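Here are my notes for you, point by point. Have the model open beside them as you read.

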Amino acid sequence: MAAWQTRVHALAAARNAVILAHNYQAPIIQDVAHHVGDSLALSRIAATSDAETIVFAGVHFMAETAKLLSPAKRVLIPDQAAGCSLADTINADQLRAWKAEHPGAVVVSYVNTTAEVKAETDVCCTSSNAVDVVRSIPEDREILFLPDQFLGAHVRRATGRTNIHVWLGECHVHADISPSDLVESVRANPAADLYVHPECGCTTSALWLAESGELPAARTHVLSTGGMLDHARRETSRQVLVATEIGMLHQLRKANPTTDFQPVNPKAACPFMKMTTPEKLEACLGDPSLTRGYEVDVPADVAARARQAVERMVAIGN
Ligand code: 13P
Ligand code: SF4
């Protein structure tokens with residue numbers, strides 16, 4: 001183990017801290033973390049861990065969600081500026097105005113939102129449970145789905161519901177994994193299977209390729225990051241094309257070293273996720289009296305309402 005890793009683990013032990021890293025973090029950060037996973041799985045680990053301090057190597061909304069589910073714990077993030085272009089596409093004022101245009105509609109927000117937006121939400125979802133969350137809402141209720149338009153389109157398609165209004169937000173990283181990137185990769189590797197994250201701009205094209213028979217539906221999988229890992233563990237295909245942020249490849253390759261996982265767009269790196277560096281992670285674990293600048297908190301009134309939306313999602317299941 002590198003000297004840096006040993007130092008980080010010693011600091012974590014001295015502070016009774018657990019280090020959580022999202023699947024999109026740089027490999028060096030994933031490898032030092034106690035747990036690596038998707039945003040929801042990590043928040044659940046945060047809530048059940050005995051550690052007093054949670055260090056969330058991820059982006060700000062993820063650390064906030066961990067704080068909502070574990071209010072008594074101290075939650076730290078190595079860089080407070082690690083935001084999310086998707087979460088930034090809607091704020092609480094915009095959501096209140098949208099709700100006023102659709103009185104009585106049920107608000108379903110992806111977890112990639114700020115705590116203020118979650119506080120205006122009826123139920124949260126992740127990419128792995130969005131379809132189940134929407135199916136749990138009575139057919140005759142209108143739904144406001146936010147903020148991701150591509151995930152929203154996927155949910156509309158999968159549920160066949162026409163009364164879902166979708167906010168036109170997008171993640172700039174996944175929107176840039178374009179239909180032409182996908183078609184080119186599939187044509188260049190005709191024997192490969194395909195994993196697509198539903199935030200991708202190319203999700204519809206993947207399904208179109210499947211419908212046209214160019215890439216059989218049985219080899220096309222629309223999956224969350226956690227779903228990709230589960231699938232990878234039982235993958236029998238020799239090659240898989242992966243349409244999501246490239247940090248994901250590290251865990252996929254570890255989970256199944258005999259399959260060749262290749263990115264559909266090798267430039268799809270999230271700049272916010274890559275703001276966690278070894279230096280910042282170590283500094284954040286330093287002397288608690290000097291590390292207040294790393295702490296993530298949510299005002300109590302916002303937290304109480306936002307927590308309800310997250311807990312309703314957790315009650316519906318994965
Ligand atoms: P997960 O919910 O799969 O962790 O993904 C979060 C994210 O930021 C996707 O871009
Ligand atoms: Fe946000 Fe996109 Fe980065 Fe995920 S990959 S954290 S959605 S900017």
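1. H3 covers residues 39-48 and H4 residues 60-69. Helices here are DSSP runs of H or I with at least four residues, strands are runs of E with at least two, and both are numbered from the N terminus. The two axes lie 8 Å apart at an angle of about 35°. Each axis is a line fitted to C-alpha atoms, for helices over the stretch in contact, and angles run from 0 to 180 degrees between N-to-C directions.

2. Before going further, a word on the ground rules: this is a predicted model, in which local features need pLDDT of at least 70 and side-chain atom pairs count only at pLDDT 80 or more, while totals for chains, interfaces and linings use all residues. Residues are numbered from 1 along each chain as its sequence is written, with chains lettered from A and ligands numbered from 1 in the order in which they are written.

3. Which residues join H3 to H4? From H3 come Ser39, Leu42, Ser43, Ala46 and Ala47, and they meet Met62, Thr65, Ala66 and Leu69 of H4. Contact means that two C-beta atoms, placed from the backbone, lie within 7 Å. By class, this contact has six nonpolar, three polar and no charged residues. Nonpolar covers Ala, Val, Leu, Ile, Met, Phe, Trp, Tyr, Cys and Pro; charged covers Asp, Glu, Lys and Arg; the others, Gly among them, are polar.

4. Now take H10 (residues 179-188) and H11 (residues 203-212), whose axes come within 8 Å and cross at roughly 40°. Pro179, Leu182, Val183 and Val186 of H10 touch Ser205, Ala206 and Leu209 of H11. Six of these residues are nonpolar, one is polar and none is charged.

5. H12 (residues 225-233) packs with H13 (residues 248-255) at about 25°, their axes 8 Å apart. The pair is therefore roughly parallel, and the crossing of H12 and H13 is right-handed. On the H12 side you will find Thr225, Met228, Leu229, Ala232 and Arg233, meeting Met248, Gln251, Leu252 and Ala255 of H13. This contact holds six nonpolar, two polar and one charged residues.

6. Around ligand 1 are His22, Asp38, Ser39, Asn112, Thr126, Ser127, Cys171, His174, Glu199, Ser224, Thr225 and Gly226, with a residue counted when its C-beta atom, placed from the backbone, lies within 6 Å of the molecule. That shell has one nonpolar, nine polar and two charged residues. Ligand 2 is surrounded by 13 residues, the closest being Cys84, Leu86, Cys171, Val173 and Cys270. Its shell has nine nonpolar, three polar and one charged residues.

7. For the overall layout, the protein is divided into domain 1 (3-82 + 272-296), domain 2 (87-170) and domain 3 (177-263), with bounds from an automatic or database domain assignment. The C-alpha centres of domain 2 and domain 3 are 26 Å apart. Eight residues of domain 2 contact 11 residues of domain 3. The domain 2 side of that contact divides into three nonpolar, four polar and one charged.

8. Two backbone details to check: leucine 146 and proline 147 are joined by a cis peptide bond, with omega about -10°. Proline 147 sits in the loop between strand S7 (143-146) and helix H8 (149-159). Asparagine 16, although not a glycine, has a positive phi of about 50°, and lies in the loop between helix H1 (3-14) and strand S1 (17-22).

Key:
Parallel < 35°, antiparallel > 145°, perpendicular 65-115°, else oblique. Left-handed = near helix turned anticlockwise from the far one by under 90°.
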